[in-house]
Every structure is written in C-alpha cells, then in structure tokens.
Amino acid sequence: MGDENVEKTRSEDEVGLKWDRCISDLCIKAAAGLGVGGIFSLVLFRRRTWPTMLGLGIGIGAAYSNCQHEFKSLSRSCVVSTDTVPAPAKKEELAQDSQPALS
C-alpha cells in the first residue's frame, strides 16, 4: 500500500547519473580554472600561457577529486556490512580451548 509512488532506480541508472554529474562538473571547473588563469595571465603575468594552463589543471584536478569521491561513495553503498562476521579468535583463547578439561 505504501509503495504506490515509489520509483526504484536501477544501479545502471545511478552510475549513469553519477557520470553525468562528473562530466558537467568537469566542464564547469575546467572553464572556471581556464577563466581565472586567463585573467591572471593578462593582468599579472603579461600574457604568459602557464597561468592559464595551471588554472585549467587545477580545475580538472578538482573535478577528478570530486568524481573519485562520488564513485567511492557508490561502491561503499554496495559493500556488504561486516558487522555480523565474528572477529578472529586470539591465540590465548585457542590455547585455552585446546586444553583438556579436568574432571
């Protein structure tokens, strides 16, 4: 009864949405870095090309970092929880279990 308007998203759709966000983020950050680098090149560095390329690289690097974080959060949501797996026994506990009980 409660799931009349619930839309289920497939994992392929979720990955596709993340790729779309990453590509649009790359375009925005690369253009912003290119613009800021170009302004610095014109104003401070007398039309050298390295500030423009540095700004572009910083924009691409920031977008890459965001995408990497986004896809890592996707893979963490797919991992099975290890809370139910018992911790391995210590050597002392194994040694106590292997000793015969005295009656």
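Helices here are DSSP runs of at least four residues, numbered from the N terminus. With that in hand, you can find the element that gives the largest share of the nonpolar patch: α1, with five residues.

**Stop 1: colour by confidence**

Colour the chain by pLDDT. The mean for the protein chain is 81, and 64% of its residues reach 70 or more. Select residues 11-43, helix α1, where confidence is highest at a mean of 93. Then select residues 91-98, helix α3, where confidence is lowest at a mean of 64. Where pLDDT is low, the predicted coordinates should not be read in detail.

**Stop 2: the nonpolar patch**

Now show the surface and select V36, I39, F40, L42, V43, L44, F45, W50, L54 and I58. Together these residues make a nonpolar surface patch of about 1000 Å². Two elements, α1 and α2 (50-78), each give two or more residues to it. Click on V36, which sits in helix α1. Is V36 buried, exposed or partly exposed? Its relative accessibility is 45%, so V36 counts as partly exposed.

**Stop 3: the aromatic rings**

How many aromatic pairs does a search of the whole structure find? The search gives two. Select W19 and F71 to see a tilted pair, with 5.2 Å from centre to centre and 55° between the planes. Because W19 belongs to helix α1 and F71 to helix α2, this pair ties together parts that are 52 residues apart in sequence. F71 itself is partly exposed, with a relative accessible area of 23%.

Next, go back to two members of the patch, F45 and W50. Their ring centres lie 4.8 Å apart with the planes at 55°, so this pair is tilted. F45 is partly exposed at 31% relative accessibility, and W50 is partly exposed at 47%.

**Stop 4: the disulfide**

Select the cysteines C22 and C67. A disulfide joins them, with 2.4 Å from S to S. C22 is in helix α1 and C67 in helix α2, 45 residues apart, and the pair links distant parts of the chain. Both cysteines, C22 and C67, are buried. A search of the whole structure finds one disulfide, and you are looking at C22 and C67, which form it.

**Stop 5: the salt bridges**

Finally, turn to the charged side chains, where a search of the whole structure finds five salt bridges. Which residue meets K18 in a salt bridge? Select E70: the N to O distance is 3.5 Å. This pair also links distant parts of the chain, with K18 in helix α1 and E70 in helix α2, 52 residues apart. K18 is buried, with a relative accessible area of 8%.

D25 is buried at 18% relative accessible area, while K29 is partly exposed at 26%. Within it, D13 pairs with R10, their closest N and O atoms being 3.6 Å apart. D13 is partly exposed at 37% relative accessibility, and R10 is exposed at 52%.

Technical notes:
Residues numbered from 1 in each chain as written. Predicted model: local features only at pLDDT ≥ 70, side-chain atom pairs only at ≥ 80, totals over all residues. Heavy atoms only, no water. pLDDT = per-residue confidence, 0-100. Patch = residues over 30% accessible without salt bridge, like charges linked within 9 Å, V, L, I, M, F, W, Y side chains within 5 Å. Areas by Shrake-Rupley, 256 points an atom, 1.4 Å probe, with all protein chains shown as cover. Salt bridge = Lys/Arg side-chain N within 4 Å of Asp/Glu carboxyl O. Buried < 20%, exposed > 50% of the residue type's maximum accessible area, 1.4 Å probe, protein only. Phe/Tyr/Trp six-rings, centres within 6.5 Å; stacked < 30°, edge-to-face > 60°. Disulfide = S-S within 2.5 Å.
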